[in-house]
Amino acid sequence: MKGIWWKGLGVLLMLYVIIVGFLMPLRPGITTAFPQNIKSGETSVITASTYNARLETLSASDLRAWLVRDTTYILQAQSVKISGDQSVDVTFDVPENLPVDEEVLDFSLVLDAPEMGSIVLPYSIFIAKKGSDLSSGMTAWTSDSLGKLNKHKGLAIPFRNLLFETLRNTYFHVSLWFSMFILFLISVIYSIKFLRKREPYFDNVASSLVEVGTLFGILGLATGALWAKNTWGTYWTTDVKLNMAAVSMMIYAAYLVLRSSIKDGDKKAIISSSYNIFAFFIIVPLIFVIPRLTDSLHPGNGGNPGFGGEDMDNTMRMVFYPAIIAFTLIGLWMSNLMIRYKKLRNRIDEI
Amino acid sequence: MKVLSNIWYLILKDFNIELRQRYILASIFLYVISTVFIISKILQTVSPMLWNAIFWILFIFTAVSAMMKSFSQEISQRSLYYYYLTGPIEIIIAKFIYNFFSLLLMGLLIMAAFIVFINNPIENYGIFVLGVILGALGVSVIFTLVSSIASKGGNSATLMSVLSIPLVLPVVLFNLRITGAGIGILGMTTIANDILLLLSIITILVGVSLILFPQIWRT
């Protein structure tokens, strides 16, 4: 029984991550609004498609809607009508003048209802200028107010445009990279231990951890590629972060080539431990420094914010942190099996 | 003082070997010239961006073929002899210095060949040469250790390129930015930051190599 509890913990956490991660619903949101372009001085009906909004449980009188810009210029809807399972017709009586002197201004569409909470489609409606009286535009656009907005009730992860349901990939893609790095770090510690003590067991541990870490890295690339297909529209782009990640995988693949190219066991252990330590010190600037210096599509790099704030809220952390622990524990278990396999293999070779 | 004179004699020894095997120097020279000539014939007009990229690609590949012999040329009996005479730290420092100067010369040779045969987009020679110097420094540090590792493996020529080309990438990316500023395709605003980061990476790598090399040498 000794030493089994953490394997069990890893499996239980993984099950928790898969079940809760996939079953927890997405918060309601607006996917599209049509028409996007309307004219000032006219009454326009905008059809908004919603997602997960459970409109059938709402009555039209609960729903409120606004056009909002910078939270200062607000126009409340004339009427809101539920027109389908997941669509709402919002009628706006747009004033003749705009508050800012531009030909076209963009506004965000906001819907609000009790239980559902308030949902936003940012920068979605464009209003073309008609009159040029700024002061009357100012009074027309500042007389309405948002009032008291509702909060969504129930556990749900954030609704983000473009990401939608793929937001759940955070639990897998990001945690795989985290646990890969943890495995590589432990492996470097064992490589250093080996070079100091010359105990073959330490090299066995280090190489097994690198093998499992490399597998996690490849899985991280694969989940990232699927995510990129769904959000950026392509499996692979020439983005720095992606290329650096691929290069770091190449470095560890070279480690495996190096190991298989040396026959003598003792020499193999010393050389590959040295390479492992050297490689780790190159991986750190590759993955953490260079992508932050140049433009990148990947979140967390080149001026892009990482997942934080509205993207990663407490409901997601409830799954994300256990996911990192689960992947790390399962990775340690896998490398444990590799270590035992290699031990047996050595014993067979000796006979 | 003993350490310094040992390092000096080891550098002299490498230089003498180099002079005795003049065909290696000549072949690297020819390799650079003929490759640059092919590039200029194939591409006809080369934009500054492309110039910069090809410069570093040629630099890496010439460095791989030049550094390959760095450790594999030493016969094992002879390295045993050095081992008795000096310490591994002195050997690796001597190799660093020797490889740095040979790569620097090689980089300047490639630069001259590019200017003569292709075109000359360089606006700020100071910054560009600084980029080449830092490139030679970073690449020589990485290639010295990797060639000592690869010489222990079986098929050292293939192993050398497999091991070193991915490892050298972070250093070369920084150099690409520095020489890019020298050519004028990138601004000067981030250059101090780039140089500082590159120097800190190189310092870490030198430290790691100094710790690791004695272990590798003993095998």
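Mentor: Let's start with a rule for reading sheets: two strands count as a pair if DSSP finds at least two bridges between them. Keep in mind that this is a predicted model.

Trainee: Thanks! How many bridges pair β6(A) with β7(A), and in which sense?

Mentor: The general idea is that strands of a sheet pair through backbone hydrogen bonds, either parallel or antiparallel. Here β6(A) and β7(A), the latter spanning residues 87-93, are antiparallel and share five bridges.

Trainee: In what order do the strands of the open sheet stand?

Mentor: The order is β1-β3-β7-β6 in chain A, four strands with antiparallel pairing. At the edges you find β1 (29-34) and β6 (79-84) of chain A; each has a single partner strand, so one side of each lacks a neighbour in the sheet. From one strand to the next, the twist averages 30°.

Trainee: Which strand is joined to β1(A), and by how many bridges?

Mentor: The partner is β3 of chain A, residues 43-51, with five bridges in the antiparallel sense.

Trainee: Where in chain A do strands run parallel?

Mentor: Look at β2 (residues 37-39) and β9 (residues 117-128) of chain A, which are parallel and joined by three bridges. Ile38(A) has Ile127(A) of β9(A) opposite it. Strand β9(A) also pairs with β8 (residues 104-113) of chain A, this time antiparallel through nine bridges, and there Val104(A) has Ala128(A) as its bridge partner.

Trainee: Which residue takes a positive phi in the hairpin of β8(A) and β9(A)?

Mentor: That is Glu115(A), with phi near 70°, in a hairpin that has three residues between its strands.

Trainee: Buried or exposed: how should I class Arg69(A)?

Mentor: The cut-off for buried is under 20% relative accessible area. Arg69(A) has 17%, so this residue is buried, whereas Asp106(A), at 24%, counts as partly exposed.

Trainee: Which residue of chain B forms a salt bridge with Asp14(B)?

Mentor: Lys95(B) does, the closest N and O atoms lying 3.6 Å apart. Asp14(B) is in helix α1 of chain B and Lys95(B) in helix α6 (residues 88-117), so their contact ties together parts 81 residues apart in sequence. Both Asp14(B) and Lys95(B) are buried.

Trainee: How far apart are the closest N and O atoms of Arg177(B) and Asp194(B)?

Mentor: They are 3.0 Å apart, in another salt bridge. Since Arg177(B) lies in helix α8 (residues 156-183) and Asp194(B) in helix α9 (residues 191-218) of chain B, the pair ties together parts 17 residues apart in sequence. Arg177(B) is buried at 18% relative accessible area, and Asp194(B) is buried at 3%.

Trainee: Last topic: which spans of chain A does UniProt place under "transmembrane region"?

Mentor: Such a label comes from a record, and UniProt annotations may be inferred rather than shown by experiment. In this case the unreviewed UniProt entry lists several spans in chain A, including residues 9-26 and 319-339. In the model, residues 9-26 of chain A are 83% helix and 0% strand, with end C-alpha atoms 27 Å apart. Residues 319-339 of chain A are 100% helix, and their end C-alpha atoms lie 30 Å apart. For chain B, the unreviewed entry's annotated spans include residues 23-43 and 127-150. Residues 23-43 of chain B are 100% helix with end C-alpha atoms 30 Å apart; residues 127-150 are also 100% helix, with 33 Å between the end C-alpha atoms.

Trainee: Which residues make the nonpolar surface patch of about 490 Å²?

Mentor: Val11(A), Leu12(A), Leu15(A), Ile19(A) and Leu23(A) make that patch. Leu15(A) is located in helix α1 (residues 5-23) of chain A and, at 45% relative accessibility, counts as partly exposed.

Note on methods
Residues are numbered from 1 along each chain as its sequence is written. Chains are lettered from A and ligands numbered from 1 in the order in which they are written. This is a predicted model: local features need pLDDT of at least 70, side-chain atom pairs count only at pLDDT 80 or more; totals for chains, interfaces and linings use all residues. Side-chain values use heavy atoms; hydrogens and water are left out. Helices (H or I, at least four residues) and strands (E, at least two) are DSSP runs, numbered from the N terminus. Axes are lines fitted to C-alpha atoms, for helices over the stretch in contact, and angles run from 0 to 180 degrees between N-to-C directions. Patches are made of residues with over 30% relative accessible area and no salt bridge: like charges are joined within 9 Å, nonpolar side chains (Val, Leu, Ile, Met, Phe, Trp, Tyr) within 5 Å. Accessible areas come from the Shrake-Rupley method with a 1.4 Å probe; for residues, only the protein chains shown count as cover. A salt bridge is a side-chain nitrogen of Lys or Arg within 4 Å of a carboxyl oxygen of Asp or Glu. Buried means under 20% relative accessible area, exposed over 50%, partly exposed in between (1.4 Å probe, protein chains only).
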